[in-house]
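Subject: Structure handover

Hi there,

Here is the structure I promised to pass on. Have a look at it first, and then read on for what turned up in it.

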Amino acid sequence: MDRITVESNRFVDEYGRERIFYGINLGGKNFPPSHWRDKNSQVNPLEEHIKYLSAHGINVIRYFVNWSYIEPRPKQYSEYVLNEIQEFLDICEKNNVFVYLDMHQDLYGAFTAQDSKRGTESHGDGAPPWAFITNGKKYRKPVFVWAEGYFINKAVQNAFDHFWNNTAVEGQGLQDHFCDLWRMLAKRFSSHPAFLGFDIFNEPYPGTDGGKVFFSIVKSAIKTTLTNRNINKKRLVSALFRKDPIPNILKQYDSKIIDQITASGRKYIEKFDREKYSPFINKVAAAIREETQNGIILMENSYYSNLGIPFSAPPITVNSKHEKNQAFAPHAYDLMVDTPMYKFADNERVGAIFKRRRTEQEKHLNMPVIVGEWGGFDVMNEDTAHAEYLLNLFDSYKWSHTYWLFDASIMDSPLMNTLCRPHPIAVCGEIEKYSFDKAAQLFTLSFHQEKDYTVPTEIFCHKPPAEIETDGEYEIKQLDHCCCILKIFTKPGKNKITINHNHQLNWWFAQALKGPPTGSPTESRH
């Protein structure tokens, strides 16, 4: 597999081709993914899953792992878990899928709470219990959604405060333990052919200041609703008496209204980004670079920036020098995320969040983007318009991305039919733009090529092309009975490639209906 690095705001391979990654999240929050395997079977379902994903255009996985099960005791790393990560990387290499490791957390770590009917319940994931410092505060079971632990639970907030302050545990600061963890992982896995990078900390949360943000937003939401003239009060009240009130209420809260509501929390998040998160990410990056120069270091936005609050951290530096191989990995969801109302996610609201991330990329980050998390939809819902909107938006920005989340039900689902779509994999030169018109089944790519390449431009196709317009010679590599990779050998200059997939009686279409082709998997054309 090619070694991927960063050049300005692009991912590039060792040949100088610009790379685009279409991906998905996969892993285990509170336990390694080995629980997917039937102990009585010799078949590893992960191998089948990765093979399926690769054949449907997925070329990167955000593999979330967990500090708790990697390091259950200080400096005691689980060889069992590390061997599982190695096995996963090996499977992905076999299927030509890249992997970046995400040190996942929700609510800082797995807190326990007592339930009168169910007994002891666990909520959250991430840090091991030995890394919890809560100042004696107890975790309370959430009433509405799991995320309320962030907003009102002092045990969660105190644990984050101590992490950001690098409070000592067993003779060493918590962040220093965390640096040692990443240093070990870098030494062990960064040279693996499938390894892409380090997603250091999932959705960093500001701790006690995060609670202040929450209450300031609640107050602002009430005030804005009462005073903003763009919110129709009569329509708002009448919606409460309708059969399905939520969609009508949510329609009144567009991105401008959400911006007004969340503005009160900006000062806290800007302070956190600059004074806590930025020094932390620089510190961990320095620990990683002590071991290896391989791998891209990924910087996320804070939890509250998922809802649109600006991201203010500067680019990563290592020992006061700009880190060359770094990328931005933002997340964004509609404000109804983690509730049953998420089915009413709105294009304009979510699009505005990503447009803000785009502005930050262009104005002060100047690095490539791989959207770490987006989506979270009902995989069997036939209405995939919101997913289509976001994919088109990412394509227009030339952004890579990893969808949240994989489970076996996604295979052959309406959602998978949406995620599986034409996109560039590797382009000989700098991409100008690319897009897929689903209604017309038409994919277009334009790029500028400055030199001759010994390797082709590669494009994933969700079905065999009916017609290809290009000045270059090409060949088609079949992946399964339908999906394929188009490899085109182009010349220096401005190149444009158009692929029409809207065929009726095409030979390739007939072959797809019959099933997997026999003989050679590669068909050459000129």
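To start with a detail: which side chain does a polar contact of 3.4 Å join to the side chain of histidine 104? It is that of aspartate 106. A polar contact here is a pair of N or O atoms within 3.5 Å; within protein, one must be able to donate a hydrogen and the other to accept it, and residues adjacent in sequence count only if both atoms are side-chain atoms.

Before going further, please note that this is a predicted model, in which local features need pLDDT of at least 70 and side-chain atom pairs count only at pLDDT 80 or more, while totals for chains, interfaces and linings use all residues. Residues are numbered from 1 along each chain as its sequence is written, and side-chain values use heavy atoms, with hydrogens and water left out.

Back to histidine 104. Its place is in the loop between strand 6 (98–103) and strand 7 (106–115); strands (E, at least two residues) and helices (H or I, at least four) are DSSP runs, numbered from the N terminus. Histidine 104 has a relative accessible area of 2%, so it is buried (buried is under 20%, exposed over 50%, partly exposed in between, with a 1.4 Å probe and protein chains only). Its side chain also makes a polar contact of 3.5 Å with the side chain of asparagine 202. Beyond four places in sequence, the residues in contact with histidine 104 (heavy atoms within 4.5 Å) include Lys29, Arg62, Asp125, Glu373 and Trp404.

Eight strands form an open sheet in the order 15-12-11-6-5-4-17-16, with parallel pairing; two strands pair if DSSP finds at least two bridges between them. At the edges are strand 15 (326–328) and strand 16 (370–371), each pairing on one side only. Strand 4 (residues 22–27) pairs with strand 5 (residues 60–65) over five bridges, in the parallel sense, and glycine 23 stands opposite valine 60 in strand 5. Helix 11 (residues 266–291) lies across strands 11 and 12, running at about 165 degrees to strand 12 (axes are lines fitted to C-alpha atoms, for helices over the stretch in contact, and angles run from 0 to 180 degrees between N-to-C directions).

The whole structure holds 32 salt bridges, each a side-chain nitrogen of Lys or Arg within 4 Å of a carboxyl oxygen of Asp or Glu. One of them joins arginine 19 and aspartate 2 (2.9 Å, N to O). Because arginine 19 is in strand 3 and aspartate 2 in the segment before strand 1, this pair ties together parts 17 residues apart in sequence. Both arginine 19 and aspartate 2 are buried. Another salt bridge links lysine 494 to glutamate 432 (3.4 Å, N to O). Lysine 494 lies in strand 25 and glutamate 432 in strand 19, so parts 62 residues apart in sequence are tied together. Here lysine 494 is exposed at 62%, and glutamate 432 is partly exposed at 45%.

Finally, confidence. The chain averages a pLDDT (the predictor's confidence in each residue, from 0 to 100) of 93, and 93% of the residues score at least 70. Over residues 505–514, however, pLDDT stays under 50, and it is also below 50 over residues 516–526.

Best wishes
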